[in-house]
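Let's take a walk through this model together, beginning with a pair of helices and ending with some backbone details.

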Amino acid sequence: MGIRIRGTGSYLPEKILSNFDLEAMVDTSDEWIRTRTGIAERHLAAPEQATSDLAYAAAERALAMAGIDGAELDAIVVATITPDHVFPSTGCILQRRLGAAGAFCFDLEAACSGLLYSLEVAYSLMKVSSAKYRNVLVVGAEKLSSIVNWEDRSTCVLFGDGAGAVVLSNDGTDSPDFLVCSDLHADGNYSDILIMPAGGSRCPASEESIRNHAHSIHMEGRDVYKLAVTGMVGACRTVLKNAKVAASEVRCFIPHQANSRIIDAIAQRLDVPGDRVYCNIDRCGNTSAASIGICLDEIVRGGQVSEGDYILLTAFGGGLTWGAMLIRR
Ligand code: ACO
């Protein structure tokens, strides 16, 4: 049926916040942040920019590469934990901006695994009904700076803003689909170790919730770290085994950009050569659902993959959610 990646796009806001800037804000150092996480700087959205604005910029670039208009889209999926509003969905706001009147739209919340989850859902829709879903836009977009506690040094140094987009199209040929194999998971038993406690129905906004910084990211970093490595390595192994593809055949490995030590540990355990591992964490920090889409666009535009090359994606995030996906360019 030929469900292919027809276009990719990404957007990083102009403003850059360096580790040195953070030194002036909390008790931290460039040296601590670099050695513990690999991050040197991150992009921050302007106050007037919302997640849909970042998503729109990335989507426009992906549509331009695909050579199609918003009006030709049949569905829009936006992966995000920082929607413009609780409702309406960021997908609907994006639809209006893109003039995608024929698309049905929704947001998907799976934290940092959001793009993988969204690609799986979009692919499944296209597989089930190829005539109905010819072009589907998947965007991972986050304004994490809006849910960071800028007084908490253990989290505020980690996150950044940005968006990555993918246009999937059914080219009507019998060329192989972009998705070779996937392995996605969730475990709600760990929902408390990576959470924004307030702002939902469990704890609506109140003076107390604001005083307690409950509208920001809370994370048990060490526990998340261990589970992230085990989860992503396991999912990648499953995918490679089921696809009968050796790690050495993977042209480019894109792990979620949360921590360069996590990335190194996974690549080492999977035996992926260092020069095949893509990293932009030094420039972008952790952009949650946007991270993999931004990396994918950078390797496509940078000419680092050719048609037919295998790309291995893996992610891990709040929920907990995690997984891996082997795709082909
Ligand atoms: N600057 C200086 N010191 C700091 C900072 C900072 N920014 N942050 C923490 N420290 C201190 C701590 O207070 C602690 O001091 P202590 O030993 O005196 O108590 C010390 O540094 C070590 O702290 P740890 O938390 O043990 O540091 P660790 O090496 O584990 O690194 C980190 C922390 C970077 C958060 C790491 O645990 C990590 O990357 N975890 C995984 C994150 C992740 O994958 N998240 C998933 C996605 S996020 C999402 O879904 C939204």
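In this predicted model, helix α3 brings T51, S52, D53, A55, Y56, A59, E60 and L63 to its contact with helix α4, where T90, I93, L94, R97 and L98 meet them. Sorted by type, the residues of this contact are seven nonpolar, three polar and three charged. Helix α3 spans residues 51–66 and helix α4 residues 90–98; their axes are 10 Å apart and the packing angle is about 50 degrees. Angles under 35 degrees count as roughly parallel and 65 to 115 as roughly perpendicular, so α3 and α4 are oblique to each other. The crossing of α3 past α4 is right-handed.

Now to the ligand. There are 26 residues around it, and T28, R36, R153, R222 and N259 come nearest.

| Residue | Protein atom | Distance to a ligand oxygen |
|---|---|---|
| R36 | side-chain N or O | 2.7 Å |
| R261 | polar side-chain atom | 3.1 Å |
| G318 | polar backbone atom | 3.1 Å |

Another cis peptide bond links G319 to L320, with omega of about -10 degrees. L320 belongs to the loop between β12 (310–317) and β13 (321–328).

One more backbone detail deserves a look: K244, a residue other than glycine, has a positive phi, near 55 degrees. You will find K244 in the loop between α8 (221–243) and β11 (250–255).

Technical notes. Residues are numbered from 1 along each chain as its sequence is written. This is a predicted model: local features need pLDDT of at least 70, side-chain atom pairs count only at pLDDT 80 or more; totals for chains, interfaces and linings use all residues. Side-chain values use heavy atoms; hydrogens and water are left out. Axes are lines fitted to C-alpha atoms, for helices over the stretch in contact, and angles run from 0 to 180 degrees between N-to-C directions. Helices (H or I, at least four residues) and strands (E, at least two) are DSSP runs, numbered from the N terminus. Angles under 35 degrees count as roughly parallel, over 145 as roughly antiparallel, 65 to 115 as roughly perpendicular and the rest as oblique. A crossing is left-handed if the near helix is turned anticlockwise from the far one by less than a right angle, and right-handed if clockwise. Contact means heavy atoms within 4.5 Å. Ala, Val, Leu, Ile, Met, Phe, Trp, Tyr, Cys and Pro count as nonpolar, Asp, Glu, Lys and Arg as charged, and the others, Gly among them, as polar. A residue is near a molecule or strand if one of its heavy atoms lies within 4 Å of it. A polar contact is a pair of N or O atoms within 3.5 Å; within protein, one must be able to donate a hydrogen and the other to accept it, and residues adjacent in sequence count only if both atoms are side-chain atoms.
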